[in-house]
Amino acid sequence: MKKRWVSICLGLWLLCIWSNGLQAATITGRVVEAGKGSVIDDAAIWVEKMGEPMTSGLPTKPAQMKQKNLSFSPSLLPILVGATVEFPNEDTVYHHIYSFSKPKRFDLGLYKPGESRSALFDKTGVVKVFCNIHDFMTATILVLSSPYFATTNEKGNYTIADIPAGTYRLQLWHAGGVQTKEVEIPASGTVHLDLDVSAGK
Ligand SMILES: [Cu+2]
């Protein structure tokens with residue numbers, strides 16, 4: 001009899017863990033240019049809770065922004081505040097990465113091919129990244145107070161998975177412009193949400 005109770009309790013406990021793990025959903029969609037329908041492949045999308053910074057969920061590995069073929073890759077990088085970004089030089093020439101942006105001023109100095117340097121981003125905001133040697137090299141790091149973010153791919157599609165159920169503010173960032181929408185994330189399944197950005201943005 002005792003054994004049976006133990007297995008019932010264990011069963012309930014496992015059911016609990018299992019159903020808790022399911023209280024999350026995915027949001028996915030496509031971003032196009034309003035009126036034209038052309039694909040936006042360089043937008044960032046994230047969801048956040050109003051007045052409630054979600055600062056847990058830092059990745060175990062630092063994010064990366066490479067220098068390759070005299071450009072930054074990716075050129076748009078969303079990260080969670082507190083994250084470190086590595087800047088490996090995968091070119092055959094020297095680079096000198098820096099930023100004058102308010103949330104993070106930094107200067108990694110001049111460094112050679114094959115070398116990498118890094119910076120920690122501890123304030124939210126937009127950080128414009130440049131190279132002191134190559135004026136045409138520019139990139140953007142979005143330092144967010146949420147770990148639930150994505151960038152659009154070459155088809156304009158984005159997917160953010162494992163978002164805990166609740167009401168969120170969805171933000172769409174493109175070329176410096178921001179759009180906001182309220183979204184409801186259910187306990188399971190997938191929310192489809194297509195978005196558009198105005199021309200010239
Ligand atoms: Cu450079």
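## Strands and pairing

Two strands pair if DSSP finds at least two bridges between them. Strands of a sheet pair through backbone hydrogen bonds, either parallel or antiparallel.

The structure here is a predicted model, in which local features need pLDDT of at least 70, side-chain atom pairs count only at pLDDT 80 or more, and totals for chains, interfaces and linings use all residues. Residues are numbered from 1 along each chain as its sequence is written.

## Overall make-up

The protein has 1 helix and 18 strands. Both are DSSP runs, numbered from the N terminus: helices (H or I) have at least four residues, strands (E) at least two.

The protein has 201 residues, and 27% of them count as buried. Buried means that 20 or more other C-beta atoms lie within 10 Å of the residue's own; exposed means 12 or fewer, and partly exposed is in between, with C-beta atoms placed from the backbone. Two residues are in contact if their C-beta atoms, placed from the backbone, lie within 7 Å. Take the contacts between residues at least 6 apart in sequence: 63% join residues at least 24 apart.

E7 and E10 are antiparallel and share 5 bridges. Phe87 has Arg117 in E10 as its bridge partner.

## A hairpin

Strand E8 (residues 95-99) and strand E9 (residues 106-111) run antiparallel, joined by 4 bridges. They form a hairpin with 6 residues between them. Tyr98 has its bridge partner in E9, namely Asp107.

## The nonpolar core

A nonpolar core is a set of buried Ala, Val, Leu, Ile, Met, Phe, Trp, Tyr and Cys residues joined through C-beta atoms within 7 Å. The largest one here has 41 residues. Ile45, Ile79, Val85, Phe121 and Ile141 have the most contacts inside it. Several strands each supply at least two residues of this core, among them E1 (24-33), E2 (43-48), E6 (76-80) and E7 (84-88).

Which residues does Phe121 touch, leaving aside its neighbours within four places in sequence? Phe121 is in contact with Ile79, Val81, Ala83, Val85, Lys104, Val127, Ile141 and Val143.

## Val126 in strand E11

Val126 lies in strand E11. It is partly exposed, because 15 other C-beta atoms lie within 10 Å. Leaving aside neighbours within four places in sequence, Val126 is in contact with Ser101, Thr140 and Leu142. Val126 and Ser101 are 25 residues apart in sequence, but their C-alpha atoms are 7.3 Å apart in space.

Most residues other than glycine have a negative phi, and most peptide bonds are trans.

Ser73 and Pro74 are joined by a cis peptide bond, with omega about -5°. Pro74 sits in the loop between strand E5 (71-73) and E6.

Asn69 has a positive phi, near 50°. Its place is in the loop between strand E4 (66-68) and E5. Asn69 counts as exposed because it has 9 C-beta neighbours inside 10 Å.

Ala175 also has a positive phi, near 50°. It lies in the loop between E15 and strand E16 (177-185). Is Ala175 buried or exposed? Ala175 is exposed, because 12 other C-beta atoms lie within 10 Å.
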